[in-house]
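Student: I am new to this structure. Could you take me closely through one part of it, the aromatic rings and what surrounds them?

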Amino acid sequence: MIGLDIGSYSIKMIQFVRQGSDLAVSASGCYRFSEPLPESGRRRHEMLVEACSKLRQSAPFVGDRVVSALSSESVNYKNIRLPHMPPGELAEAAKWEAIDRLGVDENEAQIDFINAGEVHHGDEARDELIVFAVSNERIKQHMDTLIEAGLRPIAIETTPTALCRSMAQSARRQDDDQQVRVLVDVGAGFSDVLILRGSRVLFYKPIEIGGRALTEAVAKELNLSEQDAWEVRRKLVEGFVDADHDHKLFGSTRREDVQRAVKDATRPILTDLAREIGLCLRYYSVTFRGARPDKLTLVGGESRNTHLSQILGDELEIDTENASPLSGFDLEAFE
């Protein structure tokens, strides 16, 4: 089975083999796009087909079965509360609530839900559900792209289930079962906030703030095209230093001055993101009457942005760290 992560700036593939009771990485690869991946359309399809094909050729992947996740933009989400009822009745009630509140046609979409757990609504105990729906057409487009790339889709995840599953291996120690963690996946279009207790999803919310908004702010501040602004941000985040390339991107302006201008341009957006995450944490504390998480874990394409980590830590008064989703796997067995 191959795991596929599709981002706006790169895609990643990974495959595992079982060694006794443990898992080891047998193949992996990353393909970086020369331009940001479009949200939809023929160009997106062509770029993904080419990237998937090249990745499979670059490492010893075995077979063609693949599991991937839909982007946050592809799926509609809503938190609802329903009275306790048997599982079958709960599933049916959740479906009809999703149809009503998300405005979808049951014949044109796939609908499901996550039961986050019991909450109290006044004196009444209810189930907190995260319902979601995705159009059949979007699923077909996603699958058609994978099939044309020579892959065979076995399962398609949503963002919260994919994030939860990706962190499960590193959190399977018994003392992690009741630990509450907050993950923030900062991508191009959205930042996905996920609160977990052990491997159970308690809260999920996509926030429409991501790398694309940061790039637009930098383009406006430095009077650059969005492509050049994206390149400037990428080089600064990666710490890439090359005199000729720096001159092309920064001209006669010192790199340090550009870095300061980028920080000034993106600070208001990152402050807004911190405020939205703070509201998510407050909702969790009130809804589940639990202690506020004391650590925030960053994942996604923007997670290496130290300015992002600093702003979130300062504004939310919380320790931040980068995720290590492969910490529970053997990474040396096939080197």
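Tutor: What follows is a walk through the aromatic rings and some of their surroundings. The model is predicted, so to speak of local features a pLDDT of at least 70 is needed, side-chain atom pairs count only at pLDDT 80 or more, and totals for chains, interfaces and linings use all residues. Residues are numbered from 1 along each chain as its sequence is written, and side-chain values use heavy atoms, with hydrogens and water left out.

Start with the ring pairs. Rings of Phe, Tyr and Trp (for Trp, the six-membered ring) pair if their centres lie within 6.5 Å; planes under 30 degrees apart are stacked, over 60 edge-to-face, and the rest tilted. That rule gives six aromatic pairs. One of them joins Tyr 31 and Phe 33: the centres are 5.8 Å apart and the planes stand at 70°, so this pair is edge-to-face. Phe 33 has a relative accessible area of 6%, so it is buried. Here buried means under 20% relative accessible area, exposed over 50%, and partly exposed in between, with a 1.4 Å probe and protein chains only.

Now take Tyr 77 and Phe 132. Their ring centres lie 5.9 Å apart with planes at 50°, so the pair is tilted. This pair links distant parts of the chain: Tyr 77 is in strand β5, Phe 132 is in strand β7 (residues 124–135), and 55 residues separate them. Strands are DSSP runs of E, at least two residues long; helices are runs of H or I, at least four; both are numbered from the N terminus. Tyr 77 is buried at 14% relative accessibility. Phe 132 is buried too, at 10%.

Next, Thr 158. This residue sits in the loop between β8 (152–157) and α4 (159–168). Its relative accessible area is 10%, so Thr 158 is buried. Leaving out neighbours within four places in sequence, Thr 158 contacts Ala 69, Tyr 77 and Phe 132. Contact means heavy atoms within 4.5 Å.

Asn 76 lies in strand β5 (residues 76–83). At 39% relative accessibility, Asn 76 is partly exposed. Not counting residues up to four places away, Asn 76 touches Leu 102, Val 131, Phe 132 and Ala 133. The C-alpha atoms of Asn 76 and Val 131 are 8.3 Å apart.

Last, charges over rings. The test is NZ of Lys or CZ of Arg within 6 Å of the ring centre and within 35 degrees of the ring normal. The charged end of Lys 95 sits over the ring of Trp 96, 5.5 Å from its centre. Arg 234 has its charged end over the ring of Trp 230, 5.5 Å from the centre.
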